[in-house]
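Here are my notes on the helix packing in this model. Have the structure open while you read, and go through the points in order.

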Amino acid sequence: MYLRVDPDHVADVASVLAFTAAPSDPRSVQVRRPSDVLLARIAAKGAFVGLFLGLGGVALLVAGVGIANIMVISVLERRAEIGLRRALGARRRDVAAQFLLESALLAGAGGVLGIGLGCLATVVAAHLAGNPLAIPPVAPLAGLAAALAVGALAGGYPAVRAARLPPADALRTV
């Protein structure tokens with residue numbers, strides 16, 4: 001008997017095939033492994049997923065560098081504001097928290113936009129290929145968490161730099 005199975009379900013079918021074909025003597029049925037072409041397809045699918053994860057990591061790294069750059073420039077341009085806040089009694093941690101919050105909000109907005117565009121691209125690609133839509137619910141949440149983590153990490157240095165500005169020096173640069 002030859003059986004053709006969806007490549008994603010070969011292992012599941014192979015585990016129950018002997019019992020289904022000969023329930024009284026399942027040992028009389030030989031189940032052979034899939035062809036080398038099928039194994040190559042499975043390996044290529046794994047490599048494809050790894051490639052997209054790597055691409056996502058590079059995108060997060062680039063986004064983190066961009067956020068850090070924007071926040072450093074923001075600290076430089078807002079020295080007078082930082083100096084005034086510090087002179088009026090704001091603590092270092094208040095200034096640092098402000099810049100960390102700003103970088104996290106910036107990253108969160110970018111993350112939500114990226115998740116929306118990614119889901120839209122997935123819907124369009126699935127529709128055009130005639131495939132069912134399958135977006136794991138944890139994927140958008142993980143994407144948002146990654147974006148917020150990158151935003152917090154990228155905003156760390158600028159926040160510390162803003163918090164360490166002496167009020168008198170910051171006000172003098174105006």
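1. Start with how H4 meets H5: H4 passes H5 in a right-handed crossing. (A crossing is right-handed if the near helix is turned clockwise from the far one by less than a right angle, left-handed if anticlockwise.) Helices here are DSSP runs of H or I, at least four residues, numbered from the N terminus. The contact of H4 with H5 is made up of 17 nonpolar residues, seven polar and one charged. Nonpolar covers Ala, Val, Leu, Ile, Met, Phe, Trp, Tyr, Cys and Pro; Asp, Glu, Lys and Arg count as charged, and the others, Gly among them, as polar.

2. A word on the source: this is a predicted model, where local features need pLDDT of at least 70 and side-chain atom pairs count only at pLDDT 80 or more, while totals for chains, interfaces and linings use all residues. Residues are numbered from 1 along each chain as its sequence is written, and side-chain values use heavy atoms, with hydrogens and water left out.

3. Back to that pair. H4 runs over residues 92–129 and H5 over residues 138–163; they pack at about 150 degrees, with axes 7 Å apart. That makes H4 roughly antiparallel to H5 (the label applies over 145 degrees). Axes are lines fitted to C-alpha atoms, for helices over the stretch in contact, and angles run from 0 to 180 degrees between N-to-C directions.

4. Ala154 sits in H5 and counts as buried, at 9% relative accessibility (buried means under 20% relative accessible area, with a 1.4 Å probe and protein chains only). Leaving out residues up to four places away in sequence, Ala154 touches Gly64, Ile67 and Ala68; contact means heavy atoms within 4.5 Å. Asn69 is 85 residues from Ala154 in sequence, yet their C-alpha atoms are 8.5 Å apart.

5. Next, H3 and H4. Their axes come within 10 Å and cross at roughly 145 degrees. H3 contributes Glu81, Ile82, Arg85 and Arg86, and H4 contributes Arg92, Asp94, Val95, Gln98 and Phe99. By class, that contact has three nonpolar residues, one polar and five charged.

6. Which residues of H3 are buried? In this helix (residues 79–87), they are Ile82, Gly83 and Arg86. They cover an arc of only 95 degrees around the axis, which puts them on the same side of H3; the arc is that of the directions from the helix axis to the C-beta atoms. Gly89, which follows H3, has a positive phi, near 115 degrees.

7. Last, Gln98 in H4. Gln98 counts as buried, at 18% relative accessibility. Aside from neighbours within four places in sequence, Gln98 contacts Arg78, Glu81 and Arg85.

Terms used:
Helix = DSSP H or I, 4+ residues; strand = E, 2+ residues; numbered from the N terminus. Parallel < 35°, antiparallel > 145°, perpendicular 65-115°, else oblique. Buried < 20%, exposed > 50% of the residue type's maximum accessible area, 1.4 Å probe, protein only.
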